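Please look over the structure below. A short report on selected local features follows.

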Amino acid sequence: MATAQWNGKIIASSDDTVVVEGNHYFPLESVDPAVLKPTDHTSHCPWKGDANYYSLLVDGAENSNAAWYYAEPKDAAKQIKGHVAFWKGVEISA
């Protein structure tokens with residue numbers, strides 16, 4: 001079971017993560033929807049495609065653009081469609 005924790009709260013938990021480049025991608029349904037705030041931030045990966053971001057909101061604290069996902073990943077990364085990964089201080093335990 002992998003968990004993602006930030007600001008003292010478990011924000012995601014799943015036994016079905018996909019690990020890509022050392023990052024655990026959690027199924028979106030395993031993430032607490034109350035902590036996700038969509039942002040306009042994007043980035044591009046040559047082999048995964050265009051990423052979109054969420055900020056995390058936990059107990060009044062915000063962690064800007066701390067979660068990302070690929071809405072339409074390229075074929076090489078199709079296994080992460082519908083999954084979210086974290087960074088910027090989010091602790092992952094597996």
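## Terms and numbering

Helices (H or I, at least four residues) and strands (E, at least two) are DSSP runs, numbered from the N terminus. This is a predicted model, in which local features need pLDDT of at least 70, side-chain atom pairs count only at pLDDT 80 or more, and totals for chains, interfaces and linings use all residues. Residues are numbered from 1 along each chain as its sequence is written, and side-chain values use heavy atoms, with hydrogens and water left out.

## Two loop residues with positive phi

Most residues other than glycine have a negative phi. Asn7 is not a glycine, yet its phi is positive, about 55 degrees. Asn7 sits in the loop between strand E1 (2-6) and strand E2 (9-14). Its relative accessible area is 40%, so Asn7 is partly exposed. The classes are buried (under 20% relative accessible area), exposed (over 50%) and partly exposed (in between), with a 1.4 Å probe and protein chains only.

Asp59 also has a positive phi, near 50 degrees, and is a residue other than glycine. Asp59 belongs to the loop between strand E6 (49-58) and strand E7 (61-69). With a relative accessible area of 70%, Asp59 is exposed.

Ser30 is in the loop between strand E4 (23-27) and strand E5 (36-45). Ser30 is buried, because its relative accessible area is 17%. Contact means heavy atoms within 4.5 Å. Leaving aside neighbours within four places in sequence, Ser30 is in contact with Ile11, Ala12, Ser13 and Ser14. A polar atom of the Ser30 side chain lies 2.6 Å from the backbone oxygen of Pro27.

Trp6 is part of strand E1. Its relative accessibility is 14%, so Trp6 counts as buried. Residues up to four places away in sequence aside, Trp6 touches several others, including Ile11, Leu56, Val58 and Lys88. The C-alpha atoms of Trp6 and Leu57 are separated by 9.4 Å, and the two residues are 51 residues apart along the chain.

## Aromatic pairs

Rings of Phe, Tyr and Trp (its six-membered ring) pair if their centres lie within 6.5 Å; planes under 30 degrees apart count as stacked, over 60 as edge-to-face and the rest as tilted. The count comes to 4 aromatic pairs. One of them joins Phe26 and Phe86: the ring centres are 5.7 Å apart and the planes at 65 degrees, so the pair is edge-to-face. This pair links distant parts of the chain, with Phe26 in strand E4 and Phe86 in strand E8 (residues 83-86), 60 residues apart. Both Phe26 and Phe86 are buried.

Ring pairs also link Tyr25, Trp68 and Trp87 into a cluster.

## Salt bridges

Side chains of opposite charge can pair when their charged atoms come close. A salt bridge is a side-chain nitrogen of Lys or Arg within 4 Å of a carboxyl oxygen of Asp or Glu. The count comes to 4 salt bridges. Among them is Asp32 with Lys9, whose closest N and O atoms are 3.1 Å apart. Asp32 lies in the loop between E4 and E5 and Lys9 in strand E2, so the pair ties together parts 23 residues apart in sequence.

Lys48 and Glu21 meet in another salt bridge, at 2.6 Å, N to O. Lys48 lies in the loop between E5 and E6, and Glu21 in the loop between strand E3 (18-20) and E4, so this pair ties together parts 27 residues apart in sequence. Lys48 counts as buried at 5% relative accessibility, whereas Glu21 counts as exposed at 56%.

Notes
Polar contact = N/O pair within 3.5 Å; in protein donor to acceptor, adjacent residues only side chain to side chain.
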